[in-house]
Amino acid sequence: MSDARESVAARFDWQADWCARLGSPLYADLMVRSARDIEAGGPVWAVLDGHERDSYESMLQLRFAGAVHRLALSGRAPALAARYPSTGGEGTPDGTWRAFRETVADRVHDLRELVELPVQTNEVGRSRALAPGFMVAAAETGLPLRLLEVGSSAGLNLRWDHFRYEADGWSAGDPESPVRFAGYFDGAAVPLVTEPARVAERLGCDPSPVDAAGEDGALTLRSYLWADQLDRLRLLDAALEVAGRVPARVERARATDWLEERLAQAAEGVCSIVFHSIVMQYVPEEERRRIDELLADAGAWATEAAPMARLELEPAGEYAEVRLTLWPGGERRVLARAGYHGTPVEWLG
């Protein structure tokens, strides 16, 4: 076996472990079987041959899984669609793998094109972890929020205040929203804030933004969700409905260039809050450092009339952490721990 096949197979084995931890037994199984197919030089390798030097941040294994799912969702792989739960199938391991491998073998050319597309998982469930952080920033500054999202994809989480949040003794958001999160705090603690934040502006950036209003954009977003996680798919469809009536602008730009422009001047009368959720693992280290520098520089000139904030939901081992930094001051607080898809949320406050 070549070193190239071995290195790509290792990425799939690593992803299989995370799929299992994050509640997708079907994708965990498909990742393991794909890894063995790569080692044997099978059709999965025929699609991925030449990508062994792709950066780890580009998530080759998720790009591949999304490309195959896209074929099933779009009706171009009927045998696999009959197996995937996302398209009405039962998702049994052996039958799904057979249909999966046959689809890959039949569609090598199509998949080699589709695997070039970047991962676009606009995970709406992450708003359940981010929302209390936004509310804390608004409560502590007493100002409306100017939302600035890095790695925004289709900008669905820019509409977080139009979703509904409910837990024992705590609720916030739009009670009529089709996007509903109920009973999601893990433990007795809940946020002290209940007043909804006012949002003055919704802006985002992404190197490859997705049009939430278009059919192709919706297909792209669905394809990167895991085919056996139907609750995530239902949440996505509900969030697309919200996006159809709540405008937000997502610009095609690199995070560093975009932030440099957006943070060049103080914005008085609002709290400018830069946020990102499970994004930094896709960003090269040099760019991550530059983002930190830009935010620190902007925080240095923040005032009570023009405060700055950074809200993060980013990996911290087995779970992600919700971290809030407010300027002036610049104290960084860990508000909560959460799953990578936004649940469960353990509020620390």
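Which residues do ring pairs link into a cluster? Please describe the surroundings of that cluster as well.

Reply: The model is a predicted one. In it, the cluster linked by ring pairs consists of Phe163, Tyr165, Trp170, Phe181, Tyr184 and Phe185.

Within this group, the pair formed by Phe181 and Tyr184 may be described in detail. The ring centres of Phe181 and Tyr184 are 6.3 Å apart and the planes stand at 75°, so the pair is edge-to-face; the cut-off for that class is an angle over 60 degrees. Both partners are buried: Phe181 has a relative accessibility of 1%, and Tyr184 has one of 4%.

Phe181 itself is placed in strand β4, which comprises residues 180-182. Setting aside residues up to four places away in sequence, Phe181 touches Val124, Gly125, Ser127, Arg128, Phe163, Arg164, Tyr165, Glu166 and Leu235. Two of the cluster members, Phe163 and Tyr165, are therefore among its contacts, given that contact means heavy atoms within 4.5 Å.

Beyond its neighbours within four places in sequence, Leu156 is in contact with Asn122, Val124, Phe163, Ala212, Leu221, Leu236, Ala239, Leu240 and Ala243. Leu156 belongs to the largest nonpolar core, which has 58 residues, and is listed with Phe134, Leu145, Trp160, Val179, Ile273 and Leu324 as having the most contacts inside it. Apart from this core lies another, of 40 residues, including Val44, Val68, Ala81 and Ala227.

For the aromatic side chains of the model as a whole, the count comes to 15 aromatic pairs. One of them joins Trp18 and Tyr340, whose ring centres are 5.2 Å apart and whose planes meet at 35°, so this pair is tilted. Trp18 lies in helix α1 (residues 3-21) and Tyr340 in the loop between β10 (331-338) and β11 (345-347), so the pair ties together parts that are 322 residues apart in sequence. Here too both residues are buried, Trp18 at 13% relative accessibility and Tyr340 at 10%.

The loop between β10 and β11 also holds Pro344, and the peptide bond from Thr343 to Pro344 is cis, with omega near -5°. A further cis bond runs from Trp327 to Pro328, with omega near 5°; Pro328 lies in the loop between β9 (319-327) and β10.

Ser153 lies in the loop between β1 (145-150) and β2 (164-167). Although Ser153 is not a glycine, it has a positive phi of about 60°, and its relative accessible area of 3% makes it buried.

Notes
Residues numbered from 1 in each chain as written. Predicted model: local features only at pLDDT ≥ 70, side-chain atom pairs only at ≥ 80, totals over all residues. Heavy atoms only, no water. Phe/Tyr/Trp six-rings, centres within 6.5 Å; stacked < 30°, edge-to-face > 60°. Helix = DSSP H or I, 4+ residues; strand = E, 2+ residues; numbered from the N terminus. Buried < 20%, exposed > 50% of the residue type's maximum accessible area, 1.4 Å probe, protein only. Core = buried A, V, L, I, M, F, W, Y, C linked by side-chain atoms within 4.5 Å.
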